[in-house]
Amino acid sequence: MRKIAAAISITLLLSEVAVCSTQDRAKQLFDESMQALNAGDYVQAETGLYGLLQLDPHNVSALANLGILYARTHRYTEAVDVDKQALSEAPRRRELVLNLGLAYLKQDDYAHALPFFQQLHDRDAADLQATKLLATCLAFSGQTADAISLLAPLAVGQEPDPSALYLLGVTYSRAGRSEDAETVFTKLFADSATPAQANFLVGKAYAEATNYSRAIGAFQATLAAEPHFPGAQRELGKAYLGDNDNASAEEHLRIATRDDPQDGSADYYLGALMVQNGRFQEGLPYLEKAKSLLPDSWATYFYLGKAEVQLGREAVALPLLRRAAEMNPDDSGAFYLLAKVYRSENRPSEADAAMRHVIALHTTALDAEKRALKEKSIVAEKQ
């Protein structure tokens with residue numbers, strides 16, 4: 001009997017040692033991962049967090065920080081997946097709700113982001129961050145009146161919230177209230193910015209509100225005040241793109257790429273413009289450079305793939321389009337071109353799968369449009 005009791009004691013002791021060893025290893029992995037994440041060593045941080053999740057698949061801190069890592073490296077689809085997993089483990093934690101909303105917001109997916117910020121605002125109406133994020137989603141979803149009602153109280157007093165003022169100006173512009181927008185922007189930049197800085201920020205606000213003619217004027221004023229203001233040529237080119245003046249857009253984007261060789265965004269917009277205009281070979285060098293500078297831009301892969309398809313180089317296009325589809329599965333363009341390439345490569349099952357995805361995306365969009373029209377009709381009847 002004593003031998004059995006001793007054996008049981010040894011077994012329990014070994015189990016405790018194993019648990020302690022696992023806990024020690026988990027803590028070590030977490031600490032090392034956080035050091036790497038804070039230092040910007042994302043490869044090491046990701047490896048460590050994955051190792052931690054192998055030890056403990058339900059570790060909320062590991063999941064949350066992996067989501068942050070994905071967001072910082074612009075891998076938003078992966079960020080959404082891991083943030084959802086984290087939220088399922090701890091559905092009431094504010095930072096998890098916030099992270100998932102931000103992962104959608106950074107993809108300009110305002111419809112999916114909005115409920116998470118609404119949830120936070122409903123929990124605490126004094127949560128300024130949640131309020132401003134909710135207002136952003138409302139403004140860019142066309143619900144400008146609701147956004148203004150949230151932002152206006154934050155933009156009054158002796159020291160109004162600067163970011164709320166900026167958002168309010170953008171929202172007024174999106175609502176077609178240009179004079180109100182100008183008043184807000186004048187108030188915002190009166191004492192805190194040089195003329196070039198103020199006009200640049202006003203231009204950015206008007207561009208975000210798709211008021212491209214006013215954006216163009218603001219960026220021109222920026223360059224008049226400071227001819228080499230960083231980013232102004234690029235943003236002016238983008239504003240001309242929005243205004244459908246491709247010739248002027250190309251002129252200023254070329255200047256932007258010349259003035260700042262590290263501006264991958266300028267290279268992307270210039271290359272994409274050329275591809276859209278059928279200048280496929282001419283656009284490739286700009287897009288290749290953009291890919292090296294902005295490796296997490298799904299759109300760069302898409303336009304590279306599109307150019308290669310048009311040049312008859314399907315084998316080169318295939319991995320580029322696959323990567324674009326992986327990075328942004330909610331855009332039908334890459335899947336449509338994938339279906340075309342698969343058919344040319346005599347791979348009918350993969351072509352059919354890609355087309356089914358295209359159809360599913362269009363069906364979802366059509367259903368959403370129908371729901372929006374129905375809701376609008378119900379509101380009109382009540383009025």
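1. T210 is partly exposed, with a relative accessible area of 47%; the class lies between buried, under 20% relative accessible area, and exposed, over 50% (1.4 Å probe, protein chains only). T210 sits in the loop between helix 11 (195–208) and helix 12 (212–225), where helices are DSSP runs of H or I with at least four residues, numbered from the N terminus. Its phi is near 60°, a positive value in a residue other than glycine.

2. The model is predicted: local features need pLDDT of at least 70 and side-chain atom pairs count only at pLDDT 80 or more, whereas totals for chains, interfaces and linings use all residues. Residues are numbered from 1 along each chain as its sequence is written, and side-chain values use heavy atoms, with hydrogens and water left out.

3. N346 also is not a glycine, yet has a positive phi of about 60°. This residue is found in the loop between helix 19 (332–344) and helix 20 (348–382). N346 is exposed, at a relative accessible area of 65%.

4. The largest nonpolar core holds 85 residues, of which F117 and F185 touch the most other members. Such a core is a set of buried Ala, Val, Leu, Ile, Met, Phe, Trp, Tyr and Cys residues joined through side-chain atoms within 4.5 Å. Helix 7 (residues 128–140) gives the most to this core, namely eight residues.

5. Leaving aside residues up to four places away in sequence, F185 touches Y166, G169, V170, V202, A205 and Y206; contact means heavy atoms within 4.5 Å. A second, separate core of 31 residues includes L284, A317, M327 and F335.

Note on methods
Helices (H or I, at least four residues) and strands (E, at least two) are DSSP runs, numbered from the N terminus.
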